[in-house]
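Good morning, colleagues. Please have the sequence and the model open as I speak.

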There are 2 protein chains.
Amino acid sequence: MASAQINPVVGDIAGNSRMVLECVAAASKAGADVLLLPEMALTGYPVEDLALRPAFARASIDAVSTIAKESASIDAAMLIVLGYLDQNPKPQNAVALIHGGVIHGKYVKRHLPNYGVFDEFRNYEPGDGTFIARFAGVDIGVAICEDIWQESGVVPELAARKPGLVLVPNASPYERFKDDRRLALVEKRARQFAAPLVYVNQVGGQDDLVFDGDSIVVDAKGNVCARAAQFESTLFVTDIEAVTETSSPDVVIDGAAKVQSAKAVPILAPRLSDEEEIWSALVLGLRDYVVKNGFRSVALGLSGGIDSALVATIAVDALGKGAVFGVSLPSKYSSQHSLDDARTLAGNLGIDYRVIEIEPVVQSFLAATTLTGIAEENVQARVRGSLLMGLSNQEGHLILATGNKSELAVGYSTLYGDAVGGFAPIKDIFKVDVWRLAKWRNAQARGAGAIEPIPVNSIEKEPSAELRPGQKDSDSLPDYRLLDQLLDIYVEKNGDAAEIIKAGFDQSLVDRVIAMVDKAEYKRRQYPPGTKVSAIAFGKDRRLPMTSRWKER
Amino acid sequence: MASAQINPVVGDIAGNSRMVLECVAAASKAGADVLLLPEMALTGYPVEDLALRPAFARASIDAVSTIAKESASIDAAMLIVLGYLDQNPKPQNAVALIHGGVIHGKYVKRHLPNYGVFDEFRNYEPGDGTFIARFAGVDIGVAICEDIWQESGVVPELAARKPGLVLVPNASPYERFKDDRRLALVEKRARQFAAPLVYVNQVGGQDDLVFDGDSIVVDAKGNVCARAAQFESTLFVTDIEAVTETSSPDVVIDGAAKVQSAKAVPILAPRLSDEEEIWSALVLGLRDYVVKNGFRSVALGLSGGIDSALVATIAVDALGKGAVFGVSLPSKYSSQHSLDDARTLAGNLGIDYRVIEIEPVVQSFLAATTLTGIAEENVQARVRGSLLMGLSNQEGHLILATGNKSELAVGYSTLYGDAVGGFAPIKDIFKVDVWRLAKWRNAQARGAGAIEPIPVNSIEKEPSAELRPGQKDSDSLPDYRLLDQLLDIYVEKNGDAAEIIKAGFDQSLVDRVIAMVDKAEYKRRQYPPGTKVSAIAFGKDRRLPMTSRWKER
């Protein structure tokens, strides 16, 4: 039994088809008789409204036929379970069961998630019933992703049919702590089915989502037989002990039971720590956005602060130091330590580094028209943004925005200033976690005997936007340790004001922060995408009106 | 029977409650015994994920109780049918039937639209069954918006119960030609119900949607008895002839039949022409975004071209000339006619007008770093954007982006340059329609003996971004007349390449334009909101991945 934890590209049906056939070849070579691929492996996931384009669905259906034919010449004996986009006549999230050059059956996803980042009810028509195919004498049930998260519907109905093995293709985006919930779910479902269960998830970044793989194989008692690495493409083979002829199947592909001696060495990839997991998510999310969109390099402003230092380090881990271009853009309010810290960071990372003084440009703006106070502060940020975009246009780099979730929540950023960029790697990371990840990454380097990338001073100094003399973030914001706890309840747990106050926060602080968050919705709408790692990220997860007079209190 | 075609503000439960009570008073004064308000009139619509915030739903439910009490002291005899957000325990899109200070029943929307701009399956739990209440002896059925658009479910089930009158509260966003479809639907449903039908829709702008009112009353044969003005708040009274005791109601509020002599003068508002309808949508959409978000003025760059001229004219119609600030931002590539046309426009409109030369600022950028070609062109656009945002910060104006749908489709704009702004009034208007609307608006002025606002030269000259010497849009884009026809099929009709070619377009042109549209998705994601007027606008209507290798051909 081979599980293909692969990284398809959305819309790249030709490329994904090649990837599928490579998996067939690898699985065949490893002696596997069944190959399970992720949900919609052929089209990538999520395809969003591409599902509604008939030409796209036709291309997907045609590619399944082509793969059926071509796979037979690689291994005509193998059962291939392939996720794709079907159309019947409405679009469907389906899997095809391919064997000997023929499509023997298909199963259509029944439970369509339409919450959080998911819009499946918008994009697909649900299937009905359950599906069991007999192969090598084993009655194999199929369920797709959300199908096994729901207590009613597929799970009890399929269990009642007594499958001998259950295959579950997934495209389940990463979020913190979800791996534990997935494992518990898979164990529980296997026990309900009283059958081994193979859970295969894709890996890779797709706009603001990242998929972590973490595929799991459990036996009929729910014991873990294999668990794949997080955030890595891998094809792994597991020996499955399955009882034959347990059900009355919808289709018999191959009725003869096979006895194979166990020969696969089960993989049990070591689990990542919480920090390493998040780091891997951010690295893969950025790498795939860059690579899948055809960029070769990224550029970003290095302020000497912790946010840009962290983003630069993520970028180097994602793309290599040769693909990261740091730019220092000092104004007259920039402190010497900021310049020093930026230069030190670039030196530690070994990346390209240049300095562009923005003062003459800022002065030319102030000469052109009268701008004072916040308007003047914002000019500095916008001059930096325009200079970075100029470098992007001139040299082809993707610009990275370096804002964190705390700033994004309260609107502590300049639209078209520090908010410019094609991707914002840490937009879902609270400031306290920015510090935590920076310390963790330095400790990793220290442990490996390498240079610690992030200057200690960038971690330890008080945060400042340095847009006016002596400015500190704490002039306009609560202490980040306090702010982030409050935001965690309001944004990530969707808690209301009463709950936050109950958690011990001062009423006036709650009112102030909530008002800031609500008012900044318009800024977030124009912010670049970035990798979701939390339960509720800004973006598709949290769809609030910009025009709203609701005040929670 | 009073119908309240009102303009509530999303989230403003206190303000909307006052508006509802004012409608009760006005309906009472006019002698009406029933008042129908729009779908979710109490919360505004759409509330998006506010529906998922328990405190918001609680506030909505509490406000219904308060309105029940307070309305009784205005008119205890009236039946008030009020749309609100319920929670049971999941959020529901509901209407309450209020009479004599008491809530006598509620109906929950069953058919939840989850396509186009709608996410109701995400935000609400559907109701079940149908609902009929007897009032003044008449068995009144209730259906909410989408309920009557679906052939199955509520329509046949309610028809089978033989209601004597059907009330349909709506929040149905404007789009071109939808008024005709609505009318035909309402006529058809009344005939199916064999009962008079009152269809009430809200008016007003909400982010990128605008609601056009256009409320309709038909008799049991589907004949129109009353039709309210488009895009205007109005409370109108209609005499309804309804048969009593036709059904077996779920609740009896008042069993005694009433005989009233006809006294209401039926309103039949004149229908707007296609141009006037779109114009009204753009004016109201902009006005409400500005006003509901607490802005008092708008500013925009006046290039002398047709797009900014049209946006400025819409802004004056929406907000008055005193609230519109025009800024000319000439570079060395700006032609004299551009400056003249911008000045003439501002003079025609009577708006504040200033000129800021951008050349020194552009030069300071070019001195700071090497930027050539497109990078240099974009600097000009970004200097303009930064200057406008500076004025916004300094003087408090909302900045208007002036891009049209054709440009937005093919990515013919500079991110953080001409794309800056809080609102983009004509983002859903193709270039050919920009010209058409400009001519129409001038003709309107001419007809009224007023100054034609838009300089003829701005309408007639060849479009140019003027970012390099002698540049014309046609250097990089197909002729707009051709381009817009192609985009109409690809974007607004979701047609595929084969259909476009079948419509007579050259294969290579189709490939080129489709590639431009697909590639520009990332730019559109960061573009400001603007009023939807077409079947498929960019934004919530068309959710496509940025990262995608799908190529339609």
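I shall begin with chain A as a whole and then turn to one residue of chain B.

This is a predicted model, in which local features need pLDDT of at least 70 and side-chain atom pairs count only at pLDDT 80 or more, while totals for chains, interfaces and linings use all residues. Residues are numbered from 1 along each chain as its sequence is written, chains are lettered from A and ligands numbered from 1 in the order in which they are written, and side-chain values use heavy atoms, without hydrogens and water.

Chain A contains 19 helices and 19 strands, taken as DSSP runs (H or I, at least four residues; E, at least two) numbered from the N terminus. Its radius of gyration is 26 Å, close to the 24 Å that the globule rule gives for 553 residues, so chain A is as compact as a globular protein of that length. Both figures rest on C-alpha atoms and on a rule of 2.2 Å times the number of residues to the power 0.38. Along the principal axes, the C-alpha trace of chain A spans about 85 × 50 × 45 Å.

Now to chain B. Where does Asn201(B) lie? Asn201(B) belongs to strand 9, residues 197–201. The residue is buried, with a relative accessible area of 0%; buried means under 20%, exposed over 50% and partly exposed in between, with a 1.4 Å probe and protein chains only.

The side chain of Asn201(B) reaches the backbone oxygen of Gly213(B) at 3.1 Å.

How values were computed:
Polar contact = N/O pair within 3.5 Å; in protein donor to acceptor, adjacent residues only side chain to side chain.
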